[in-house]
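Subject: Structure handover

Hi,

Have a look whenever you get a moment.

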Amino acid sequence: KTYKCNFFNEMHVSKLIQSLENKIDTVVGMVGVTGEDKEKLNNNLKFAKVMHKISSRIRAKKLIYFSTSAVYGLGGKFREIDATNPITAYGQSKKKSEEYLLINSNKELKTTCLRIGNVAGADALLGGAVSNKLHNNNLKVDIFDDGCGPIRNYIGPKTLARLILKMTDANKDLPAIINVGGNVPIDMKDLVQTYGISWEPRKVRNNEFQRIILDCKLLVSLF
């Protein structure tokens, strides 16, 4: 059954709570704003607060929140225990959302934040390739000094969906933070070549952005 709700309309939220009270064990928060518009990105924290309110009021036991690897910032292979230092407005907005949810996590409603890498097809690369094709433009891929493209952790949408189902069915408590992505990082240049996507190289001098990689050992150990 589908329920429509404007998160910024108190009446809508109240009706949703009444409809779902004592019927839902797990809430999966996928909603969010991307981009660089800081005013719009402020809605990510608002969404997180409403998600927590709804989850708590309907007496759900778990809240699984879609966060992002962008909370880490630049660097090597990030583990869940590593410090966060987001360099984008999007990453900063998601970090604030995580902080609110984790501070308010308790034994009645436990929150798990999924720091997701790139979801194939929903990302700027493969998703952007479709947009560029529609406009008869070639996709541009950043190429660094070593001749390689950006290195990222990818996960397919079906794999992500199966993973979420496993998390909702898990009888054990989930960790507060889980990195989510393929265990083997992928060169974006190799990815577009594998899919036969027409692309053009774009030389980049700042190599700091090349390797933003997640350590997904915790995820593998759990599922």
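**Cysteines**

C148 is partly exposed, at 25% relative accessibility (buried means under 20% relative accessible area, exposed over 50%, and partly exposed in between, with a 1.4 Å probe and protein chains only). Its sulfur is 20 Å from the closest cysteine sulfur, in C216, which is too far for a bond. C216 is in no disulfide either, and the nearest cysteine sulfur to it, that of C113, is 16 Å away. With a relative accessible area of 0%, C216 is buried. The structure holds zero disulfides, where a disulfide is a pair of cysteine sulfur atoms within 2.5 Å.

**Before you read on**

This is a predicted model, so local features need pLDDT of at least 70 and side-chain atom pairs count only at pLDDT 80 or more, while totals for chains, interfaces and linings use all residues. Residues are numbered from 1 along each chain as its sequence is written, and side-chain values use heavy atoms, with hydrogens and water left out.

**Aromatic rings**

Rings of Phe, Tyr and Trp (its six-membered ring) pair if their centres lie within 6.5 Å; planes under 30 degrees apart count as stacked, over 60 as edge-to-face and the rest as tilted. By this rule the count comes to three aromatic pairs. One of them is F7 with F47, an edge-to-face pair at 6.1 Å centre to centre and 65° between the planes. It links distant parts of the chain: F7 is in the segment before α1 (10–20), F47 is in helix α3 (residues 43–57), and 40 residues separate them. Helices (H or I, at least four residues) and strands (E, at least two) are DSSP runs, numbered from the N terminus.

F47 is buried, with a relative accessible area of 12%. F47 also forms a stacked pair with F8, at 5.4 Å centre to centre and 15° between the planes. Here too distant parts of the chain are linked, since F8 is in the segment before α1 and F47 in helix α3, 39 residues apart. F8 is partly exposed, with a relative accessible area of 47%. Together, ring pairs link F7, F8 and F47 into a cluster.

Two lysines lie over ring faces: K46 over F8, at 5.9 Å from the ring centre, and K172 over F223, at 5.8 Å. The test asks for NZ of Lys or CZ of Arg within 6 Å of the ring centre and within 35 degrees of the ring normal.

**Helix α4**

Helix α4 (residues 89–103) has 15 residues and reaches 21 Å from its first C-alpha to its last, close to the 21 Å expected at 1.5 Å a residue (the expected span is 1.5 Å times one less than the number of residues). Its buried residues are A89, Y90, G91, S93, K94, S97, E98 and L101. What covers them includes α2 (38–41), α3, β2 (62–68) and β4 (110–116).

S97 has 0% relative accessibility. Its side chain reaches the backbone oxygen of S93 at 2.9 Å. Not counting residues up to four places away in sequence, S97 touches N44, L45, A48 and Y65, contact meaning heavy atoms within 4.5 Å.

**Positive phi**

Phi of N22 is near 65°, a positive value in a residue other than glycine. N22 is in the loop between α1 and β1 (26–29) and is exposed, with a relative accessible area of 57%. R59, also not a glycine, has a positive phi of about 65° and is found in the loop between α3 and β2.

Best wishes

Conventions: A polar contact is a pair of N or O atoms within 3.5 Å; within protein, one must be able to donate a hydrogen and the other to accept it, and residues adjacent in sequence count only if both atoms are side-chain atoms.
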